[in-house]
Amino acid sequence: MKVYIGQIKPTLGNVEKNLNMMLEVIDRAITEKNDIVIFPELSLTGYSLEDIVFDVAIKEVPSILLEKSKEISIIFGAVELGEEEYPYNTAYYLEDGKVVHRHRKVYLPDYGMFYEGRYFMAGDKVRAFDTKFGRVGMLVCEDMWHQSAQYILAQDGARYIFVPFNSPVIVGKSKEEMSENWKNICKANSLLNGTYTVAVNRVGVEDGIAFFGNSFVVNPEGKIVGEGKYIYEDGFSCKLEDIEIRKARFKAPMFKTENLNLTKKEIERIEIKKFQ
């Protein structure tokens, strides 16, 4: 499977402009014979939406993206207007002209410079799903910082975990430090679960918040096998080989020996203890 990472700079609130930019990247990925193209979190809308969140929300995926997905599978982020008329921060997986899966961001940061909990409804599912390239999982940004989400996807059969995110440079930390934190988390996930992890960040500035880019791909042995530039828009391809998953799981068979019954029992015990 050949994946194209589209590290782009969305314009806040300008869905039409962002869609056209995504289409240019998609056409490039098709020309270069990629199988999947992946964009950052909220690539269709920009991040710091606040009061315009309802204005940019979609109930249906743009038809042009569905049409393009007949040529290449597409992962992108958008504001989804849900059944309750509340917006979700959603990652979509399109394939063969259809929405194969959508992941609604579960963990909404509401601290420091982040206010997602004020504007979005939280998702309530973490599920792997089948594609023509194998079983896949998606997490959005903060979801990846929860070990349970990574664990659930791996145990649900995901061999490839795609993570669209929007991570800024925070005061007091360099872009390299911020990126290293992300890489350490994704390396640990890939190493412990024997999966590929593809993490795609955006670039650009919104409301004084600068996003650092440096998207990357981690192989099942926990090694970086491709990464994008800091600060600037970038695009690159990376091959994800199924044989590498088998080799990693043979050398480090922790995934095979995982005891789900033990995990379930202990989680239930902890849950009961917390509410006593």
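Q: Within what separation does a pair of cysteine sulfur atoms count as a disulfide, and how many disulfides does the structure hold?
A: A disulfide is a pair of cysteine sulfur atoms within 2.5 Å. In this predicted model, the sulfur of cysteine 141 is 10 Å from the closest cysteine sulfur, that of cysteine 186, which is too far for a bond. The sulfur of cysteine 238 also has cysteine 186 as its closest cysteine partner, at 13 Å, again too far for a bond. The number of disulfides in the structure is zero.

Q: Is cysteine 238 buried or exposed?
A: Residues under 20% relative accessible area count as buried. Cysteine 238 has a relative accessible area of 8%, and therefore its class is buried.

Q: Which residues of helix H5 are buried, and where do they lie around the axis?
A: Helix H5 spans residues 175–193 and reaches 27 Å from its first C-alpha to its last, close to the expected 27 Å. Its buried residues are Met178, Ser179, Trp182, Lys183, Ile185, Cys186, Asn189, Ser190 and Asn193. Because they cover an arc of only 160 degrees around the axis, they lie on the same side of H5.

Q: Which residue just after H5 takes a positive phi?
A: The helix H5 ends at residue 193. Just after H5, a phi of about 65 degrees is taken by glycine 194.

Q: How many residues apart in sequence are the parts tied together by lysine 59 and glutamate 85?
A: Lysine 59 and glutamate 85 form a salt bridge, with their closest N and O atoms 2.8 Å apart. Lysine 59 belongs to the loop between strand E2 (36–38) and helix H2 (63–68), whereas glutamate 85 belongs to the loop between E3 and E4, so the pair ties together parts separated in sequence by 26 residues.

Q: What is the relative accessible area of lysine 132, which meets aspartate 96 in a salt bridge?
A: The side chains of aspartate 96 and lysine 132 meet at 3.0 Å, N to O. Aspartate 96 lies in the loop between E4 and strand E5 (98–104) and lysine 132 in the loop between strand E6 (129–131) and strand E7 (134–138), so the pair ties together parts 36 residues apart in sequence. Aspartate 96 is partly exposed at 40% relative accessibility. Lysine 132 is also partly exposed, and its relative accessible area is 49%.

Q: Which residues make the nonpolar surface patch with tyrosine 86?
A: Tyrosine 86 is in the loop between strand E3 (73–81) and strand E4 (87–95). Tyrosine 86 counts as partly exposed, at 45% relative accessibility. The patch covers about 300 Å², and the residues that make it with Tyr86 are Phe54 and Met121.

Notes:
Residues are numbered from 1 along each chain as its sequence is written. This is a predicted model: local features need pLDDT of at least 70, side-chain atom pairs count only at pLDDT 80 or more; totals for chains, interfaces and linings use all residues. Side-chain values use heavy atoms; hydrogens and water are left out. Helices (H or I, at least four residues) and strands (E, at least two) are DSSP runs, numbered from the N terminus. The expected span of a helix is 1.5 Å times one less than its number of residues. Buried means under 20% relative accessible area, exposed over 50%, partly exposed in between (1.4 Å probe, protein chains only). The arc is that of the directions from the helix axis to the C-beta atoms. Patches are made of residues with over 30% relative accessible area and no salt bridge: like charges are joined within 9 Å, nonpolar side chains (Val, Leu, Ile, Met, Phe, Trp, Tyr) within 5 Å. Accessible areas come from the Shrake-Rupley method with a 1.4 Å probe; for residues, only the protein chains shown count as cover. A salt bridge is a side-chain nitrogen of Lys or Arg within 4 Å of a carboxyl oxygen of Asp or Glu.
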